[in-house]
Amino acid sequence: YLHSYRNLIIFSQLQLQKIRKTNPVIGYSKRINIQIADTSTSFESGSELTQGTNTGRIFASGGKITAGASKVDLVPNTGIGLTQGVFTGVGFTSLSGFGEGATATVSVQAGGALATANIDITNGGTGYQVGDLLLMNSVGFNGSGVRVVVNDITQTNFLVVDNVKDNFIEGLNITHTTTDGTESTITSGNIVGITSDPIRDG
């Protein structure tokens with residue numbers, strides 16, 4: 001009888017939300033990623049996208065890393081196994097942010113020395129922001145662990161859209177409304193692709 005009475009009290013407190021489970025379920029809004037053609041348009045966080053009855057809010061935007069040398073800053077004392085040589089098509093893995101696809105030519109100096117000026121971006125990729133931390137992929141046969149920070153991006157080509165209602169689709173224009181009410185159009189021809197967030201897919 002005492003055991004049943006205690007269970008009844010606990011059940012009542014759970015209903016009144018006086019006791020919470022150790023790992024309560026947390027709900028997230030639906031999120032999508034939209035890749036667009038390069039544009040100088042600014043997409044501020046919180047501005048709105050609409051496509052018919054579909055709506056969403058800009059969570060983040062990014063662009064391509066500017067081509068050329070010294071567009072990413074080498075993090076000091078990172079990288080092991082570097083050997084002298086010029087290595088082309090070296091990619092990066094994003095440790096922060098949403099960017100992907102950038103590549104560089106990396107010129108390692110004698111004794112495995114590497115400096116910011118020795119990293120030349122050849123493909124800016126998509127979705128990067130200034131301040132993103134990147135891990136350089138393998139450099140030559142043994143080089144690894146090099147980290148860099150993005151310091152310069154050119155234009156915008158990637159949008160992260162949150163609080164999405166229904167489904168945005170390719171092939172139709174999207175209207176962008178800034179927080180002060182100014183409208184502009186992302187034409188269907190400038191929409192490269194739309195993908196659902198693998199976790200926050202609604």
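I looked for salt bridges (a side-chain nitrogen of Lys or Arg within 4 Å of a carboxyl oxygen of Asp or Glu) and the structure holds three. This is a predicted model, in which local features need pLDDT of at least 70 and side-chain atom pairs count only at pLDDT 80 or more, while totals for chains, interfaces and linings use all residues. Residues are numbered from 1 along each chain as its sequence is written, and side-chain values use heavy atoms, with hydrogens and water left out.

I checked arginine 31 and aspartate 162, whose closest N and O atoms are 3.1 Å apart. Both residues are buried (under 20% relative accessible area; exposed is over 50%, partly exposed in between; 1.4 Å probe, protein chains only).

I then took aspartate 38 and lysine 64, with closest N and O atoms 3.0 Å apart. Aspartate 38 is partly exposed at 37%, and lysine 64 is partly exposed at 27%.

The pair I noted next was lysine 71 with aspartate 152, at 3.7 Å, N to O. Lysine 71 has a relative accessible area of 21%, and aspartate 152 has 27%.

Is serine 47 buried or exposed? I found it buried, because its relative accessibility is 0%. Its side chain joins that of histidine 176 in a polar contact of 2.9 Å (here, N or O atoms within 3.5 Å, one able to donate a hydrogen and the other to accept it; residues adjacent in sequence count only if both atoms are side-chain atoms).
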